[in-house]
Amino acid sequence: MTSGPRLARKRKIAPRRGDAAASAGGVRGSSPDDTDELVRISTRRLTKRYGELTAVDALDLDVRAGEIFGLLGQNGAGKTTTILMLLGLTEPSGGTARVVGLDPARRPLEVKRRVGYMPDSVGFYSDLSGRENLRYTARLNRIERDDAEAAIDEVLEQVGLTSRADDSTETYSRGMLQRLGIADALVKDPDVLILDEPTTAIDPLGVTEILDLLRDLVKQRQMAILLSSHLLNQVQVVCDRIGIFAAGKLIGQGSMTELADRFGDGTAHIEIGFEFDDEAMAKRAPDLLRAIPDVTEVRPGARRIDPWIVAVRPPAAEGRVRQAILALAAAEGLHLVSLRPIVPSLEEIYRKAVARTLPAHAGAVQ
Amino acid sequence: MTAEPMPLGSSSSEPGGDESLEPFAAEPPVGRRERSVPRAGWMVVARKEFADHLLSARFVVLLLVLGLAAAIPLYFAADTIRSAASTVSGATAVFIALFWLPPNVTDTVQLPSVAGFLGIVAPLLGLSFAFDAVNGERAQGTLPRLLSQPIHRDDVINGKFAAGLAVIAIVLVAVIGFIAAFGIIRLGIVPAPSELLRIVLWMIVTFVYVSLWLAFGMLLSVLVRRAATSALIGFGVWLLLSIFGELITTLVGGFIAPLSGSLEQQFANNSMQETIRRIRPDILYSEASRALLSPQTTDVSTPATVGAAQQASERIPSLLSLDQSFILVWPQVVALVAITVACFAVAYVRFMRQEVRA
């Protein structure tokens, strides 16, 4: 969807890139992450202290090209501080960071040229129109005028603001400002996109559009996206990998399943909907279910129509238990209405992860 | 548009569309766009700020206020000069008197001179274009976005200062040009080259003085979180100096060198007040502009002893040449520049050390 114009733009500035590539060899050797060409963001024991307070504590993080990494955490967990260090806007107290292979503390300009950033509660010059705001960003990135106009048209289209582009941003809603913020981060055609709470004020339909756009960018341009959010379901939907942040520490990172394995309580749950012909059958069912190997607990529904929950330990046995329930239902003449494994939600994982690592904070998360 | 548009997505790293020829496609190039950068970051910022200023309501209002501040005394001064010029024959530097001669509206009402009026209003010009320079960006939430663009952090404050200077220069040239044009038409006198030179020099000193207030406004905008507060502080200081300044210097001067009967002590008190007054930029400026505009001014200090006073009274009135006038107020000009630089330096350092987040 977007590759056509983008490619055209790239070709225009191609000769310059050719020159530059010649000098790239030097950096290559000095980068610690030579082994993985696709790593776009990498931090090793990255630390930031403000006096007594350790905002970010020995953070190890890797984000590769072609993936969306979600940073989850409470307010004040150190998400924004981490992002500012990645952009070279704050000096780390210790550890190293590499963004597109460069140290942001030492070469902030090159990093910022290739990283699109949308800050938390993004703002624009209210006396300028959306388009003029983007034009300023393009100029700051030294994009040639014609290229800039094409790029601005394209990103405005992508975030769905074309019709309002020439209105003053004073008239924009919070959600529109966030869309414009994403457009603003995309104008420079970045390799890495860092979005701090990108969708908090966008309406549900708009969020779907934006998340689709992010997925497209990752797929077609092999962009690396780091987004921080506290909207767990959005993170769950869009992110390939997730890092859970608490009190400056990354207490877990990986895909949803990896996190579920790590922070689950070692029990899988199956939801069963029954339709009982008579009371006798309803009374017998719990015992029948308990007789299945690896079933540890059976919780009948509170009312007749409520589904039952069956706990299985170890979780790996869940598939086999489901088969057994089907067989049982067939043999005993139980009428099944539904049968499905309960996938733990990110919210549950998050709550457990935070509660496990930081017992003191558990209350706050609930 | 072959199979895979942008293999590794590193727009920056690949040499255009020929990534197949480039084995290290994903590698970050060093300063790749440096060569394509015709403008420095501060110039981009300055250009935007400059355009904003010129289109802003402030610009129009200030131009009007300054224009009026010049026009009113100008009108009366021209009459005074016309009547004076006919009697004082052979007087040199008549044209420039337009700037420094306090006009008599009636016998009882006296206005400040054109230069005096401008001196009072000019700080407004500096303050208005700077008081919200940095904290305004913070309040709008544009600062983190601006700083995440590929520019140095000081480009922001340098660019804003440069844009402010440019706007000030434009306003001053416009207003002073207007005064001069009015003078030529109304008085029918063409200024002598030395007079023109004096006006240009005075304009430069005025520019420095307004820059001082610009730097002060910039400092406030860095130190104070809210634009309204920094505006209030800035205009408060301006009011304090221009209205209560004299009162304060009298008070402090009287405290350090008490005024009693003897003539010696009166002189001591006087010179003490003068010393204190010289801390004030508005006094430095008014001394400098008095000496630069009027060749009759041979001394900016009042005598400190009885003997010196006697000597001064016996001096034959004469006109100073331009270079002598300039030497007379050189310290004042240097002090103005120094205060400007100090204000800007503090603003700069504080801005560089501030956290990006509010």
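Start with one pairing in chain A: I270(A) has P341(A), in β13(A), as its bridge partner. This is a predicted model, so everything below is computed from it.

**The four-stranded sheet in chain A**

- The two strands behind that pairing are β10 (residues 268-275) and β13(A), which run antiparallel to each other and share 7 bridges.
- They belong to an open sheet of 4 strands, and the order across it is β11-β12-β10-β13 (chain A), with antiparallel pairing.
- At the edges sit β11 (295-299) and β13 (335-342) of chain A, each of which pairs on one side only.
- On average, neighbouring strands here are turned by 20° against each other, ignoring direction.
- Two helices lie across this sheet. Helix α12 (residues 279-290) of chain A covers β10, β11 and β12 (308-312) of chain A, and runs at about 160° to β11(A).
- The other, helix α13 (residues 318-332) of chain A, lies across β10, β11, β12 and β13 of chain A, at about 180° to β13(A).

**A parallel pair in chain A**

- Strand β5 (residues 115-118) of chain A runs parallel to strand β6 (residues 192-196) of chain A, and 4 bridges join them.
- One of the facing pairs is M118(A) opposite L195(A) in β6(A).
- In a regular strand, side chains alternate between the two faces of the sheet.
- You can see that in β5(A): V115(A) and Y117(A) point one way, G116(A) and M118(A) point the other, and all are buried.

**Chain B overall**

- Chain B has 13 helices and 0 strands.
- Of its 358 residues, 41% are buried.
- Taking contacts in chain B with a separation of 6 or more, 76% are between residues 24 or more positions apart.

**Helix α11 of chain B**

- Helix α11 (residues 281-293) of chain B has 13 residues, which at 1.5 Å a residue should span 18 Å; the end C-alpha atoms are 18 Å apart, so the two agree.
- 12 of those 13 residues are buried, so α11(B) is largely enclosed by the rest of the structure.

**M272(B), in helix α10**

- M272(B) sits in helix α10 (residues 263-277) of chain B.
- M272(B) counts as buried because 20 other C-beta atoms lie within 10 Å, and 20 is the cut-off for that label.
- Beyond its neighbours within four places in sequence, M272(B) contacts G253(B), I256(B) and A257(B).
- I256(B) is 16 residues away along the chain, yet its C-alpha atom is 7.7 Å from that of M272(B).

**Where α1 meets α7 in chain B**

- Helix α1 (residues 41-55) and helix α7 (residues 153-187) of chain B pack at about 45°, with their axes 7 Å apart.
- α1(B) and α7(B) are therefore oblique to each other, and their crossing is right-handed.
- On the α1(B) side, the contact residues include W42(B), F50(B) and H53(B); on the α7(B) side, they include G159(B), A162(B), A163(B) and A166(B).

How values were computed
Residues numbered from 1 in each chain as written. Chains lettered and ligands numbered in written order. Predicted model: local features only at pLDDT ≥ 70, side-chain atom pairs only at ≥ 80, totals over all residues. Pairing = 2+ DSSP bridges. Axes fitted to C-alpha atoms, helices over the stretch in contact; angles between N-to-C directions. Contact = placed C-beta atoms within 7 Å. Expected span 1.5 Å × (residues − 1). Parallel < 35°, antiparallel > 145°, perpendicular 65-115°, else oblique. Left-handed = near helix turned anticlockwise from the far one by under 90°.
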